[in-house]
Amino acid sequence: MNERAAQMAAQLSERELDAILISTPENRRYLSGFTGSSGYLLVTPQRQILFTDSRYTEQAGNQSPHFEVIQMKAGLGWLLDALKETGARRVGFESDNMTVASYNRALDAIKEDGDLSGTSLIATSGITDELRVFKDKEELAQLQKAIDASDRAMEMVCPTIEAGMTEKEVAWRMEVAMREFGTDNISFDTIVATGPNGAMAHHRPGDRVIQTGEPIVIDMGAQVDGYCSDITRTVVVGEPDEMFHKIYNIVLGAQLTAIHTVRPGLTGEECDALSRDVISEAGYGDNFGHSLGHGVGLAVHENPRVGPRADNVLERDMVFTVEPGIYLTGWGGVRIEDIVILGEDGATVLSKAGK
């Protein structure tokens, strides 16, 4: 049994479960190493089984040597047989991922099988997420590769942006550059929001032409070996005006305040307030509508939560973004985002692209 599966198995007794069925792709990969697009894990204290279809059985055997690999066929016989063999009767499932239709099919199949009398499916939430929130050295190395790729792309492309380019053109240049710097994929659709479009935090790049002097919000991420990066910079072609300097400096001050003062033991809400208070005191509290940040790893948005009403405690070796912003209808927006890792004495910034 590998260490991560062993950690999961240890969680079962605490939650009075005999087994857990893992369906979330990122959790499946984290626990087993399997990167295929189809499959489930069944983890018990004694056995760890990876179910996948015929396209991936050889790959699964290579990537997941600590798991038994069983080929899935039509129907749910593969799952029913495994439950009988393991004797699992209280079986957890990932309620945040499994659809109602999939749950009903599994429940009906179990009820119709006379040998599985007394078997129940128990909704669980966040068990694997709680394990993934702490990044080990191997994960940090992969994460840093993704961060480096997006950093290098940002630094290479930004100086080439000119008035007359479209948002789509800049987004494409960023994606090409990330690929050239070793990215396997992008973490999410690249955001390039120019001028008034920057007031929309998640604007989709369009054909709007960049104008001299207006803010350009660029939010993008690279994916390397499954691990994601996420970075935002706000730039201007030509000379920024007084308004840009004012808003930018407020946002930068809010970001640096949180980065320099966050410590283990604060909640996500308390960390969020470190930046939010700066923006509110400057008179723009109503123009910062999203959370300060989020965890990042195998998913671009994962735990820990860093925002209003986030009561989770931030601890050492947690990785998350710090990304305050101000958004003004008719003018545009400013957002600055970096990824940090929390240590005993505070946060270390992993993103290196210039601001």
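Tutor: Helices are DSSP runs of H or I with at least four residues, and strands are DSSP runs of E with at least two, both numbered from the N terminus. This is a predicted model, in which local features need pLDDT of at least 70 and side-chain atom pairs count only at pLDDT 80 or more, while totals for chains, interfaces and linings use all residues. Residues are numbered from 1 along each chain as its sequence is written, and side-chain values use heavy atoms, with hydrogens and water left out.

Student: Where is Glu16, and is Glu16 buried or exposed?

Tutor: Glu16 is not a glycine, yet its phi is positive, about 55°. Glu16 sits in the loop between helix H1 (3-14) and S1. Buried means under 20% relative accessible area, exposed over 50%, and partly exposed in between (1.4 Å probe, protein chains only). The relative accessible area of Glu16 is 57%, so Glu16 is exposed.

Student: What is the relative accessible area of Asp225?

Tutor: Asp225 also is not a glycine and has a positive phi, about 50°. Its loop runs between strand S10 (222-224) and strand S11 (227-228). Asp225 counts as partly exposed because its relative accessible area is 34%.

Student: Which residue follows helix H4?

Tutor: In H4 (residues 77-86), the buried residues are Trp78, Leu79, Leu80, Ala82 and Leu83. They pack, with contact meaning heavy atoms within 4.5 Å, against elements including strand S1 (19-22), strand S5 (90-94) and helix H5 (100-112). After H4 comes a residue with a positive phi near 75°, Gly87.

Student: How do H9 and H10 run, roughly parallel or roughly antiparallel?

Tutor: Axes are lines fitted to C-alpha atoms, for helices over the stretch in contact, and angles run from 0 to 180 degrees between N-to-C directions. Helix H9 (residues 242-261) and helix H10 (residues 268-281) have axes 8 Å apart, at an angle of about 150°. Angles under 35 degrees count as roughly parallel, over 145 as roughly antiparallel, 65 to 115 as roughly perpendicular and the rest as oblique. H9 and H10 are therefore roughly antiparallel.

Student: Which residue of H10 that meets H9 is a cysteine, and what is its relative accessibility?

Tutor: Residues of H9 including Ile250 and Gly253 meet residues of H10, among them Leu274 and Cys271. Cys271 counts as buried because its relative accessibility is 1%.

Student: How many disulfides does the whole structure have?

Tutor: A disulfide is a pair of cysteine sulfur atoms within 2.5 Å. Searching the whole structure gives a count of zero.
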